[in-house]
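I opened my notebook to record what I could look up in this structure. My notes follow in the order I took them.

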Amino acid sequence: MRLRINIALSTLALLVVVGGGRAVAEGRRRTPEFLQRKYQNLNRKFFDNNLPPVRIEWADLTEYNRLGETYRDNDGMFVVLVDKRTNLRDEDLQDTVFHEMCHVATWRKEDDPHGSAFQGCMAGIKRKVLQDASVKAR
Ligand SMILES: [Zn+2]
């Protein structure tokens with residue numbers, strides 16, 4: 001009986017450790033600083049730091065059914081919103097941030113915000129991501 005309690009207790013302890021670890025990782029990933037760093041890293045790596053600094057923030061875009069949103073504030077600064085309820089996997093988050101970065105890069109360059117300039121921007125990034133992956137695989 002005593003043994004059983006011990007097992008039950010250590011299972012519980014294990015659950016707490018696993019659950020706690022995940023909560024910490026999730027909490028760190030969800031900070032505004034994390035997003036800001038992500039933007040800066042991707043700007044350096046894929047845009048030669050040519051994009052302006054932006055305000056990038058987590059938001060709840062559920063009612064608009066969007067993963068991300070970019071607009072220009074009255075003070076001229078770009079604001080990038082990233083939906084916090086989706087974008088759970090790192091790959092998805094990166095895709096969303098890339099998408100919004102291409103909006104910043106091609107802002108007002110064409111009537112259709114997803115037109116050929118935007119498509120070209122996304123294609124260029126995809127090429128660089130593939131190059132990057134093949135360099136790492138070597
Ligand atoms: Zn878009």
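Which residues have the most contacts inside the largest nonpolar core? I noted first that this is a predicted model. I then found Tyr-39, Ile-56, Val-80, Val-82 and Val-97 as the residues with the most contacts there, in a core of 15 residues.

Next I looked up where the core residues come from. Helix H2 (32–47), strand S3, helix H3 (90–105) and helix H4 (116–137) each give two or more residues. H3 provides the largest share, with five residues.

Leaving out residues up to four places away in sequence, I listed what Val-82 touches: Leu-35, Ile-56, Trp-58, Ala-59, Gly-68, Asn-87, Thr-96 and Val-97.

I turned to the strands. I found an open sheet of three strands, in the order S1-S3-S2, with mixed pairing. Strand S1 (55–59) and S2 are the edge strands, and each pairs on one side only. On average, neighbouring strands are turned by 20° against each other, direction ignored.

How do S2 and S3 pair? I found S2 (residues 68–72) and S3 (residues 78–83) pairing in the antiparallel sense, over five bridges. I also saw Arg-72 standing opposite Phe-78 in S3. The two strands form a hairpin, with five residues between them. In the turn I noted Gly-76, which has a positive phi of about 90°.

**The helices**

Which strands does H2 lie across? I found H2 across S1 and S3, and it runs at about 135° to S1. H3 lies across S2 and S3. I noted an angle of about 25° between H3 and S2.

I checked H4 last. How many of its 22 residues are buried? The count is two, so H4 is hardly covered. I then tested its length. At 1.5 Å a residue, the 22 residues of H4 should span 32 Å. The C-alpha atoms at its ends are 31 Å apart, which agrees with that span.

Notes:
Residues numbered from 1 in each chain as written. Predicted model: local features only at pLDDT ≥ 70, side-chain atom pairs only at ≥ 80, totals over all residues. Pairing = 2+ DSSP bridges. Helix = DSSP H or I, 4+ residues; strand = E, 2+ residues; numbered from the N terminus. Core = buried A, V, L, I, M, F, W, Y, C linked by C-beta atoms within 7 Å. Buried ≥ 20, exposed ≤ 12 C-beta atoms within 10 Å, placed from the backbone. Contact = placed C-beta atoms within 7 Å. Expected span 1.5 Å × (residues − 1). Axes fitted to C-alpha atoms, helices over the stretch in contact; angles between N-to-C directions.
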